[in-house]
Amino acid sequence: MKEKLLLATQENMDLLYKWANDEEVRKNSFSTEKIPYENHVKWFQRLLEREDCRQYIYYVDDVAVGQVRITLEGDKAEIGYSICAAARGNGYAKKMLELLRPQVKQDYPEIKLLVAKVKPENIASQKVFLGLGYEETYRQYEIEI
């Protein structure tokens, strides 16, 4: 099995749109509403121009099965990722995130910490990060008033 992370290009825009609007992805995102295509196009164009953000596509045997994005802030990079519906449950998230660490070290040697924010009900992602040695550092509590 040949795996790789490649920088997203203009050709990946529609694929990322499809993945972003997947029901499970929306449920596990902090913004759960469907994304209108026009908004995605504008967001994606800005993304490709940003210096503080990188979007990678994860390939297994030349088939795109996931995406991972990092957003830089000082010496930290925040992770956002998803695996396409057809490939979930095969351990690809863990494999993709294992590839991410050396990729970030190569692309951004100043980054010292990878951070992931995960919803409490997203047990699958919690297990992935904990299984890779990430530490839970805090929980947030809130109440509507």
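Let's start with the second largest pocket: 46 residues line it, and V25, S29, Q67, G80 and Y81 are the ones nearest its centre. Keep in mind that we're looking at a predicted model. The elements giving two or more residues to this lining are α1 (13–20), α2 (23–28), α3 (37–49), β2, β3, β4, α4 and α5. Which element has the largest share of that lining? That's β4, with 6 residues. If you sort the lining of this second largest pocket by class, you get 21 nonpolar, 15 polar and 10 charged residues. Its volume is about 1,200 Å³.

Now over to the largest pocket, with a volume of about 1,400 Å³. Here the lining is made of 36 residues, and V115, A116, K117, E135 and T137 sit nearest the centre. Two or more lining residues come from each of β3, β4 (76–83), α4 (92–107), β5 (113–116) and α5 (123–131). This time α4 gives the most, with 5 residues. By class, the largest pocket's lining has 18 nonpolar, 5 polar and 13 charged residues.

Let me finish with a pair of residues in a loop. D61 lies between β2 (53–60) and β3 (63–73), and D62 has its place in the loop between β2 and β3 as well. Neither is a glycine, yet phi is positive in both: near 50 degrees for D61 and about 65 degrees for D62.

So, are these two exposed or partly exposed? D61 has 45% relative accessibility, so it counts as partly exposed. D62 has a relative accessible area of 54%, and because exposed means over 50%, D62 is exposed.

Conventions
Residues are numbered from 1 along each chain as its sequence is written. This is a predicted model: local features need pLDDT of at least 70, side-chain atom pairs count only at pLDDT 80 or more; totals for chains, interfaces and linings use all residues. Side-chain values use heavy atoms; hydrogens and water are left out. Helices (H or I, at least four residues) and strands (E, at least two) are DSSP runs, numbered from the N terminus. Buried means under 20% relative accessible area, exposed over 50%, partly exposed in between (1.4 Å probe, protein chains only). On a 1 Å grid over the protein atoms alone, a cavity is a set of points where a 1.4 Å probe fits but cannot get out, and a pocket is an open set with protein on both sides within 12 Å along at least five of seven lines; lining residues have an atom within 4 Å of a point. Grid points are joined across faces, edges and corners, and a volume is the space filled by probe spheres set on the points. Ala, Val, Leu, Ile, Met, Phe, Trp, Tyr, Cys and Pro count as nonpolar, Asp, Glu, Lys and Arg as charged, and the others, Gly among them, as polar.
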